[in-house]
Amino acid sequence: MELKRVVVTGLGALTPIGNDVATTWENAKNGVSGAGPITHFDAELFKTKFACEVKDFDPAKHFDRKKARTLDLYAMYAIVAADEAIADAGLENEGVDKNRVGVIFAAGIGGLHTFEEEAGYYALNKEKGPKYNPFFIPKMIADIAAGQISIDHGFHGPNYATVSACASSNNALVDAFNAIRLGYADAIVAGGAEAAVFPAGVGGFNSMKALSTRNDDPKGASRPFSGSRDGFVIGEGAAALVLEELEHAKARGAHIYAEVAGGGMSADAYHITATHPEGLGARLVMEGALRDAGMKPEDIDYINLHGTSTPVGDISEAKAVVQVFGDHAYKMNLSSTKSMTGHLLGAAGALEGLLSVKAIEEGIVPPTINHEEGDDDPEVDYNLNFTFNKAQKREINAVLSNTFGFGGHNTSIIFKKYKG
């Protein structure tokens with residue numbers, strides 16, 4: 001069968017560097033860090049006392065009191081970002097068949113704060129027997145954001161969550177792409193959300209020694225590919241993209257941001273948390289995305305790297321880029337926008353996909369911030385253009401965006417300029 005073409009027609013974001021798409025993109029271009037002291041809880045006794053939190057978010061501005069009681073913070077973030085993307089795409093306009101619109105929305109963890117709260121209540125009162133909030137389970141489960149978005153908008157198409165740790169929302173984008181090009185839906189709201197900046201999230205990652213402990217310099221803590229990097233900065237928020245079948249989008253006069261060209265998935269099959277030291281899974285997933293898109297390595301102008309600022313992960317990804325792209329690797333721009341947003345875990349892929357689409361639209365590569373002169377790692381090839389510290393202008397016809405997750409899950413997606 002002939003596969004249908006898929007385009008991006010709507011964007012939504014609620015992130016540590018902006019509460020909408022326009023602000024997020026402006027701050028990404030300008031190299032603004034979203035890191036600061038943790039405000040969600042008292043982190044004084046934790047090894048890491050900072051994070052990239054969403055700023056000035058007031059649930060009362062988006063949800064009535066009754067609705068808010070049924071939602072974990074991660075689902076609130078998801079709904080707000082999805083609503084922006086849906087409005088941007090005009091998916092509720094007359095003439096859109098809602099039976100053919102789906103929602104595939106990811107979370108790597110889901111309602112962690114709700115789980116932590118309920119477990120705490122039980123621990124304090126267990127001598128009285130179990131007493132749980134009736135909304136405990138629907139607030140906690142990772143698929144509820146997708147369900148809530150579909151309920152709010154009456155979308156009856158494919159509806160589920162993808163869970164593959166930090167690759168989760170990139171998997172959601174690839175699944176949405178495949179569902180549309182195979183004819184299962186006309187449009188899908190795809191993305192991810194996470195809200196894990198709470199004791200269990202920070203404490204759990206601290207115990208693994210995964211987080212930066214640069215408490216005296218939060219804004220400079222996420223420093224991918226620099227020699228002094230010491231772990232990732234945990235982030236939170238949500239991002240959503242409306243993916244749509246091309247002819248359907250054209251027929252209703254939708255604005256087209258970019259085209260989705262292809263996607264790849266692979267497994268490291270190596271370790272529960274560490275990436276393959278030689279970048280095997282990363283190489284396989286990028287090769288798979290290129291093959292799916294029918295593109296050659298030299299067709300890619302920019303890679304939005306997974307680039308978490310961990311000692312091992314950054315090196316293995318850089319190695320894989322050289323393995324896949326050869327000499328062309330030195331002609332592309334590379335950057336890790338996690339240096340600004342922090343690592344949004346299950347929402348990372350959607351946010352980085354959104355930034356990739358904006359990069360194509362405006363011809364601007366957002367930077368990898370916090371690299372200081374002389375702060376080099378002997379295992380990193382600095383002949384690669386990591387777009388350190390300042391955005392760069394260039395024509396961008398195609399972007400490859402990488403996300404890798406605990407368990408060895410790897411997903412890459414390619415966006416390209418829509419040319420009719």
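# Reading strand E4 and its surroundings

Trainee: Ile 104 stands opposite Ala 190 in E6. Which way do E4 and strand E6 run, and how many bridges join them?

Mentor: First, some housekeeping: residues are numbered from 1 along each chain as its sequence is written, and side-chain values use heavy atoms, with hydrogens and water left out. The model is predicted, so local features need pLDDT of at least 70 and side-chain atom pairs count only at pLDDT 80 or more, while totals for chains, interfaces and linings use all residues. Strands (E, at least two residues) and helices (H or I, at least four) are DSSP runs, numbered from the N terminus. Two strands pair if DSSP finds at least two bridges between them. Here, E4 and E6 (residues 187-194) run parallel, joined by 6 bridges.

Trainee: And how many bridges join E4 to strand E5?

Mentor: There are 2, with E5 (residues 159-160) also parallel to E4. Val 103 faces Asn 159 of E5 there. As for E6, it pairs with strand E7 (residues 237-245) over 8 bridges in the antiparallel sense, and Ala 190 sits opposite Leu 241 of E7.

Trainee: What order do the strands of the open sheet follow?

Mentor: Read it as E5-E4-E6-E7-E1-E8-E14-E13-E9-E10: 10 strands, mixed pairing. E5 and E10 (333-335) are the edge strands, each pairing on one side only.

Trainee: Why is E4 largely enclosed by the rest of the structure?

Mentor: Look at burial: buried means under 20% relative accessible area, exposed over 50%, partly exposed in between (1.4 Å probe, protein chains only). In E4 (residues 101-106), 6 of the 6 residues are buried, so the strand is largely enclosed. Val 101, Val 103 and Phe 105 point one way, Gly 102, Ile 104 and Ala 106 the other. Helix H6 (residues 144-153) lies across E4 and E5, at about 150° to E4.

Trainee: At what angle do helix H1 and helix H13 pack?

Mentor: Two packed helices are described by the angle between their axes and the distance between the axes. Axes are lines fitted to C-alpha atoms, for helices over the stretch in contact, and angles run from 0 to 180 degrees between N-to-C directions. H1 (residues 21-29) and H13 (residues 348-362) pack at about 75°, axes 11 Å apart. They're therefore roughly perpendicular (65 to 115 degrees; under 35 is roughly parallel, over 145 roughly antiparallel, the rest oblique).

Trainee: Which residues make the contact?

Mentor: Contact means heavy atoms within 4.5 Å. Among them are Trp 25 and Ala 28 of H1, plus Leu 351 and Leu 355 of H13.
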